[in-house]
Amino acid sequence: MSASAHCIFCKIVRGEIPAINVYEDEHTLAFMDIQPASPGHTLVIAKAHASSLLDIAESDLLAVAVTTQRIARAVQQALAPDGFRINQFNGAAAGQTVPHYHVHIVPMREGQRIGAHGRAPADRDELKALAARIRDALSP
Ligand code: 5GP
Ligand code: ZN
């Protein structure tokens with residue numbers, strides 16, 4: 001069986017498990033992290049399965065980068081953080097827990113000290129409200 005059959009992010013792409021999406025195009029998808037490190041923590045993935053930076057197709061890598069900039073701008077406009085982190089982990093030893101290439105956008109506040117990953121699942125309604133604000137700030 002292919003890697004994508006069991007991959008949780010591929011299941012999100014196929015609509016087999018729910019996600020709170022903020023953006024979708026032909027090659028990429030952006031959705032709220034279920035266990036955010038900070039409010040507005042968003043993930044950007046390529047729809048095609050690749051486990052890490054080592055095996056993602058160049059065209060998908062570029063598409064994810066373009067979508068990441070687009071979502072980061074919308075997060076900035078919607079939530080006005082003092083800054084944001086772009087995190088991307090490759091391999092379990094580096095902290096990667098879902099082996100489907102993805103980029104984290106983590107809004108940061110002045111003086112905030114947080115880890116790369118959240119410690120508890122977020123309230124679903126709060127995630128939906130944040131996603132709506134980010135979606136509203138997306139340029140057409
Ligand atoms: P990694 O450690 O692989 O870079 O990050 C994986 C991220 O995916 C984590 O921040 C985790 O909270 C998030 N995540 C794991 N499973 C799900 C899920 O089913 N739905 C969503 N929306 N996020 C998930
Ligand atoms: Zn996958």
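**Ground rules.** Residues count from 1 along each chain as its sequence is written, while chains are lettered from A and ligands numbered from 1 in the order in which they are written. In this predicted model local features need pLDDT of at least 70, side-chain atom pairs count only at pLDDT 80 or more, and totals for chains, interfaces and linings use all residues, with side-chain values taken from heavy atoms, leaving out hydrogens and water.

**Strand 5.** I looked up residues 102-108, which form strand 5 (helices, H or I, of at least four residues and strands, E, of at least two are DSSP runs, numbered from the N terminus). Seven of its seven residues are buried, so the rest of the structure largely encloses it (buried is under 20% relative accessible area, exposed over 50%, partly exposed in between, with a 1.4 Å probe and protein chains only). His102, His104, Val106 and Met108 cover one side, and Val103, Ile105 and Pro107 the other.

**Its neighbours.** I found strand 3 (residues 42-46) paired antiparallel with strand 5 over four bridges (pairing needs at least two DSSP bridges). Here leucine 43 stands opposite histidine 104. Strand 4 (residues 83-87) also runs antiparallel to strand 5, joined by five bridges.

**The zinc ion.** What holds ligand 2? I noted Cys7 (SG), Cys10 (SG), His49 (ND1) and His100 (ND1) at 2.1 to 2.3 Å (donors are N, O and S atoms within 2.8 Å of the metal, or 3.2 Å for Na, K and Ca; water is not among the atoms, so sites may look incomplete). The donor angles are 104 to 118°, which makes the arrangement tetrahedral (four donors, all angles between 85 and 135 degrees). Cysteine 10 lies in helix 2 (residues 8-13) and histidine 100 in the loop between strand 4 and strand 5, so the pair ties together parts 90 residues apart in sequence.

Notes
Four donors count as tetrahedral if all angles lie between 85 and 135 degrees; four count as square planar and six as octahedral if opposite donors are over 155 degrees apart and all others between 65 and 115; anything else is irregular.
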